[in-house]
Amino acid sequence: MVLLLIMSISLLFTSPEQLGQLADIPQLQQYLNTLAPLFVSLFVALSCTTSSSISLEGNNLWILRSSPVPKHIILLSKVAVNLTITVPITVVSCVLLMISLGTGWADSLLLLAIPVIYACYTALMGIIVNLKLPKLEWTNEVQVVKQSAAVLVAMLLGFISLIIPAGLSFVLTSVDGRVIMLGAGVILAGVSAGMYRYVKAQGEGLFLRL
């Protein structure tokens with residue numbers, strides 16, 4: 001997220017035309033306006049903390065188990081921590097990108113909404129994956145954060161959710177890229193709502209079985 005913010009600030013001093021000339025891509029402005037939501041969402045997907053948040057409890061998981069708090073609240077609090085990190089920086093970065101890219105109102109709305117939806121999607125998906133693939137026995141936090149199955153699966157699912165709309169934008173050239181972005185946003189918003197309900201309904205049972 002820090003890299004995203006730095007990149008967004010740096011683009012204020014470098015126009016898309018200049019970048020297009022450097023990269024020898026004359027239509028870079030058009031590509032940036034269309035795919036900017038997915039580009040920002042890539043940084044969001046790489047910043048998922050929930051895929052390792054349960055595993056990091058390790059031997060201290062019993063403290064959360066015995067706490068007089070509904071277990072789905074504990075799980076959603078971990079989601080909230082992830083969103084506290086990603087959403088504010090995402091919003092600021094998107095506003096800076098709107099200024100530097102000179103996006104219209106439709107592109108601006110998509111640029112703001114799609115990464116926030118991805119933030120919710122990756123945070124909820126990460127906590128569910130970690131419930132299914134916990135790694136509670138470890139000697140070093142690096143084993144959990146960089147080498148656990150939950151982190152790898154969550155990262156893979158995040159990449160797939162980005163590659164599909166990006167690929168469709170390049171393959172379906174006759175379709176407006178905004179329509180594809182909107183469709184991806186609606187689908188992911190629905191999936192996120194379903195995962196939220198799943199965590200509320202099944203989260204306590206999954207948590208107590210760890």
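So, the order of elements: starting at the N terminus, this chain runs α-α-α-α-α-α-α-α-α-α. That's ten helices and zero strands. Helices here are DSSP runs of H or I with at least four residues, strands are runs of E with at least two, and both are numbered from the N terminus.

Before I go on, a word on what we're looking at. This is a predicted model, where local features need pLDDT of at least 70 and side-chain atom pairs count only at pLDDT 80 or more, while totals for chains, interfaces and linings use all residues. Residues are numbered from 1 along each chain as its sequence is written, and side-chain values use heavy atoms, with hydrogens and water left out.

Okay, the overall picture. Along its principal axes, the C-alpha trace spans about 60 × 30 × 25 Å. The accessible surface comes to about 11,100 Å², and 69% of that belongs to carbon and sulfur atoms; those areas come from the Shrake-Rupley method with a 1.4 Å probe, and for residues only the protein chains shown count as cover. How many of the 210 residues count as buried? The figure is 42%. Buried means under 20% relative accessible area, exposed means over 50%, and partly exposed is in between, with a 1.4 Å probe and protein chains only.

Now contacts, meaning heavy atoms within 4.5 Å. If you take contacts between residues at least 6 apart in sequence, 82% of them join residues at least 24 apart.

Let's zoom in on helix α1, residues 2-10. Here L4, M7 and S8 are buried. They sit on the same side of α1, because they cover an arc of only 100° around the axis, where the arc is that of the directions from the helix axis to the C-beta atoms. Over on the other side of α1 you find V2, L3 and I6, which are exposed.

Next, the cysteines. A disulfide is a covalent bond between the sulfur atoms of two cysteines, and here the test is a pair of cysteine sulfur atoms within 2.5 Å. A search of the whole structure finds zero disulfides. C48 is in none, with the nearest cysteine sulfur, that of C120, 12 Å away. As for accessibility, C48 counts as buried at 17%, while C120 is partly exposed at 27%.

Leaving out residues up to four places away in sequence, L83 touches P88, A119, C120 and A123. L83 has a relative accessible area of 22%, so it counts as partly exposed. Go ten residues along the chain, to S93, and the C-alpha atoms are separated by 15 Å.

Helix α7, residues 105-132, holds I128. Is I128 buried or exposed? I128 is buried, with a relative accessible area of 13%. Beyond the residues up to four places away in sequence, I128 touches M195, Y198 and V199. Y196 is 68 residues from I128 in sequence, yet the two are 9.7 Å apart in space, C-alpha to C-alpha.

Helix α10, residues 177-208, is where we find A193. A193 is partly exposed, at 40% relative accessibility. From A193 to P68 is 125 residues in sequence and 26 Å in space, again C-alpha to C-alpha.

Last stop, T34 in helix α3, residues 28-45. T34 is partly exposed too, at 25% relative accessible area. Which residues does T34 touch, not counting those up to four places away in sequence? They are G177 and M181. And the C-alpha atoms of T34 and L97, 63 residues apart along the chain, are separated by 12 Å.
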